[in-house]
Amino acid sequence: MATATPAKRDDSRASIAKPSAEAESSVPSIMVDAPSRREFLYYIWGASIVLLLGEVTAGLLWFAYPRFREGEFGGVFPFNPADIPSTTAPPEWIAGGRFHVSNTEDGLLALYGVCTHLGCLPKWSTTNSRFECPCHGSKFEGDGAYIEGPAPRGLDRFPVTVTYSDGTSVDTPEDGGPLRIDPSRTIASIGIDTGSRITGPSA
């Protein structure tokens, strides 16, 4: 009786071919080198300095940028239209805004209440109907025009904005001259900008 010969196992299927050295060298490396401790500290210090400089710059800009509330010197002062003095009355002194509201024959003016000589405070003289500086004797008309004294020019002015009840408005001329008001129209509000001083007329 013939004996069955066991089939020879094909090990070629079970075996896994190992890549050669050449094949391994041809595979691109995707590993990324991690930064060293010195590089890491360098990046951290750089980012910290940039952040610090940004905070300092923002703080300086916030501090230097002027921000004035309404009714605070440097901002816009509301002035009651009912308080406009007549053309024959003395100018109205507004202490908080440091200005006089003068209603002349030519129109409305907001005169800065500081002498253009050395910064003293001229007072209105009822007797002489003019501004007189108590320090060095400079004198000014009711519209701020120079009369005499060491002052180099007339009183400086602040821009005035008159808004009528229909929503339209008129502003002080660029040269700081009087603002003419239409008597036939109703004034809703008056704003005086103490942050935009206009140089007074030359002596």
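Colleague: Which residues does Phe158 touch, not counting residues up to four places away in sequence?

Modeller: Contact means heavy atoms within 4.5 Å. On that basis Phe158 touches Phe73, Gly97, Arg98, Phe99, Ala110, Tyr112, Thr172, Ile192, Asp193, Thr194, Ser196 and Arg197. This is a predicted model, in which local features need pLDDT of at least 70 and side-chain atom pairs count only at pLDDT 80 or more, while totals for chains, interfaces and linings use all residues. Residues are numbered from 1 along each chain as its sequence is written, and side-chain values use heavy atoms, with hydrogens and water left out.

Colleague: Where does Phe158 lie, and is Phe158 buried or exposed?

Modeller: Helices (H or I, at least four residues) and strands (E, at least two) are DSSP runs, numbered from the N terminus. Phe158 belongs to strand 9, residues 157-158. Buried means under 20% relative accessible area, exposed over 50%, and partly exposed in between, with a 1.4 Å probe and protein chains only. Phe158 counts as buried because its relative accessibility is 1%.

Colleague: How is a pair of aromatic rings described?

Modeller: The description uses the distance of the centres and the angle of the planes. Rings of Phe, Tyr and Trp (its six-membered ring) pair if their centres lie within 6.5 Å; planes under 30 degrees apart count as stacked, over 60 as edge-to-face and the rest as tilted. The whole structure holds four aromatic pairs. In one of them, Phe99 and Phe158 have ring centres 6.2 Å apart and planes at 85°, so this pair is edge-to-face. Phe99 lies in strand 3 and Phe158 in strand 9, so the pair ties together parts 59 residues apart in sequence. Tyr112 and Phe158 form a tilted pair, with 5.1 Å centre to centre and 55° between the planes. That pair links Tyr112 in strand 4 to Phe158 in strand 9, 46 residues apart. One aromatic cluster is formed by Phe77, Phe99, Tyr112 and Phe158.

Colleague: Which residues have the most contacts inside the largest nonpolar core?

Modeller: A nonpolar core is a set of buried Ala, Val, Leu, Ile, Met, Phe, Trp, Tyr and Cys residues joined through side-chain atoms within 4.5 Å. The largest has 17 residues, and Phe99, Val101, Val160, Val162, Ile190 and Ile192 have the most contacts inside it. Two or more residues come from each of strand 1, strand 3, strand 4 (107-112), strand 10 and strand 12. A second, separate core of nine residues includes Leu109, Cys115, Phe131 and Leu155.

Colleague: What is the strand order in the open sheet of four strands?

Modeller: Strands of a sheet pair through backbone hydrogen bonds, either parallel or antiparallel. Here two strands pair if DSSP finds at least two bridges between them. The open sheet has the order 1-12-10-11, with antiparallel pairing. Strand 1 (76-79) and strand 11 (169-171) each have a single partner strand, so one side of each is left without a neighbour in the sheet. Strand 10 (residues 160-164) and strand 12 (residues 187-193) pair over five bridges, and Val160 stands opposite Ile192 in strand 12.

Colleague: What does the side chain of Asn103 reach?

Modeller: A polar contact is a pair of N or O atoms within 3.5 Å; within protein, one must be able to donate a hydrogen and the other to accept it, and residues adjacent in sequence count only if both atoms are side-chain atoms. The side chain of Asn103 reaches the backbone oxygen of Pro85 at 2.8 Å. Asn103 lies in strand 3 (residues 99-104) and counts as buried at 19% relative accessibility.
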